[in-house]
Amino acid sequence: MDTSVMHGSGDAEPSRCPSPGPEEIRAQLARIISSPEFPKAGRGAAFLTFVVEEALAGRAQRLKGYTVAVEVFKRSDGFTQDDPVVRIEAGRLRRTLERYYLVAGQHDPIRIDIPKGGYAPSCVWNDAALADLKEAAVENPGKRPGQGWLRTRWLILAGLVSIVCTAALTYWATERFVAGEKPSNFTEVPDEPTLVVAPFANLGDGPEDELYTVGLTEELLTALPRFKEIKVFGRETSKSLPPEVQASEVRGGLGARYLLAGGVRVSGPRVRVTARLVDTSDGAILWSQNYDDDLTTRELFTIQSDVASKVATAVAQPYGIIAQAVTANPPPDDLGVYDCTLRFYAYRADLSPETHLTARACLESAVARYPTYATAWAMLSIAYLDEDRFRYNLKPGQPAPMERALSAARRAIDLEPGNTRALQSLMTALFFNQQLTEALEVGEEALATNPNDTELLAEFGTRVAISGQWKRGADLLDRAIALNPGGAGYYHGTRALAAYMLDDHEKAVGLIRKADLQKFPLFHVVAAAIYAEAGFIDDARREGKVFTAMRPEYIRDIIDENRKRNIRPKDSIRMIASLRKAGLPVPDAAEVEAELLVSPAIARP
């Protein structure tokens, strides 16, 4: 059997390092799938097993999107490329494998990857262990690799090597802007806030301190570009700067508006990281924070990753320090299209028809001027969707809002498949298009892409909760609130609904009072149900009257409205019963149950 299609350029010395055989590859496949680092949920294991076995059987040439969709994801024979499931799952699987070999599989004998551009796997000896293999071959000529030939490496050295290798592999994927040059395929994008990361200063005097410092800077340069609303200068630019670079030098030499700098000090088992964000126009420190940790209780990788995530989230998230700074003090040269993203988040904060209209118009102008700007297409998709689900500013004589929402979301994904906001928009559009399974799969992909984006966390948590996973949805919303306590009101509103469904009525009342989305009709219907169930009947009746005045047709069509939102029949029955207590003219219990539980095809557990 010819397995040459499984092997990359790592097989340059067949006489000294023979290619992995089928059984060795299958053993590595089993090792990956059984690892705690490989997700048990989803279809990653089936996907990986299918492509490996097909390649081993000599059928790598048939590993196309259609074949994978039909064989692994059980799509019908009518599957078309408009369905993004294979591309999304392939991207997720590639990241899972990258993480696996960075964490658990550093010294596994064989590396299995799914190279971009196709679905045929590559199976080669692991470069991180190749030196050990060659040395073992000299000592034991003719011996095939096995479990005994691996040796333990110094943890910190291995960590540095992994970070540097990862940086080299992902450089072109994450490089956003290098001073003085543009790649040949550069496409003009709108002005966005620009950030440069100076190498963090080594404030210690131990031999290992430099490793901590370099590692943290690399982690930051990986975490920050995941937030697509800012522009992050790349690694080469960062490396060219001294740790003590002055804000004025960054402003004059690179034109970056913000500088992220800091230092690392190690003293015995204690490590302290100091980070600060500086406005380069005047040198003002907009934000600073110290992070302390203990090397005896947590590993270096964990500390570096945790600190980088916290810094990136605080600085770059949609409602973070940079967004607040731009909103409070816009530059004299209008940011133009970036202003549209701020309008979008202003709309998401209060969910009013007025801010929706302004944001939608601005985003339509943005995509007309910059048709390859994925983030604007994604935000516009959500604005179009809200025409339908919230009945905001409907446009007569055009394609239906849902059609426009799906089209804009797919355009964003095509332009930038890893864009968190693009994935969020596709997830939401699919959810309201009654493609629940596909929507949640896209949501999982978005969460894996950027687990610290609070806008995504809250939206995905909402979709997960309403689909019936109230506890997990509540946990995701709690994380969004913890990362962004002053964020959009709907974080608290949906979390209040989750508390109501989880029978924590005291918490539900406290949260709904924090939400305070007076211009958002659905806030009032949720508040009415929560207050009624908690025994605050006067409050429930007041909120019910406000909602009825804002959306009178909703109560008339409440069964269909709840079904459109993928609310499970038993949850819908429960909400309608609470609204009945609030005095709203909803259908009686028998009529509701007959409509929602009429057949097993409609009923859900």
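Residues are numbered from 1 along each chain as its sequence is written. In this predicted model, local features need pLDDT of at least 70 and side-chain atom pairs count only at pLDDT 80 or more, while totals for chains, interfaces and linings use all residues; side-chain values use heavy atoms, with hydrogens and water left out.

Start with the charged pairs. A search of the whole structure finds 36 salt bridges. The term means a side-chain nitrogen of Lys or Arg within 4 Å of a carboxyl oxygen of Asp or Glu.

Take R389 and D386. Their closest N and O atoms are 2.5 Å apart, and the two form a salt bridge. Both residues sit in helix α14 (residues 374-389). Three residues separate them, about one turn of the helix. Helices here are DSSP runs (H or I, at least four residues), numbered from the N terminus. R389 is buried, and D386 is buried too. Buried means under 20% relative accessible area, exposed means over 50%, and partly exposed lies in between (1.4 Å probe, protein chains only).

Next comes R542 with E543. This salt bridge has its closest N and O atoms 3.1 Å apart. How accessible are the two partners? R542 has a relative accessibility of 40%, so R542 counts as partly exposed. E543 has a relative accessible area of 6%, so E543 is buried.

Now turn to E553 and R551. Their side chains meet in a salt bridge, at 2.5 Å from N to O. E553 is partly exposed because its relative accessibility is 24%. R551 is buried because its relative accessible area is 4%. This pair also belongs to a network of salt bridges. Which residues does the network link? They are D388, R391, R551, E553, E561, K564 and R565.

The structure holds one disulfide, a disulfide being a pair of cysteine sulfur atoms within 2.5 Å. It joins C340 to C362, with an S to S distance of 2.0 Å. The pair links distant parts of the chain, 22 residues apart. C340 lies in helix α12 (residues 337-350), and C362 lies in helix α13 (residues 353-369). Why is the disulfide left-handed? The torsion about the S-S bond of C340 and C362 is about -75°, so the disulfide is left-handed. Both C340 and C362 are buried. Another residue, C123, has a relative accessibility of 0%, so C123 counts as buried.

Key: Helices (H or I, at least four residues) and strands (E, at least two) are DSSP runs, numbered from the N terminus.
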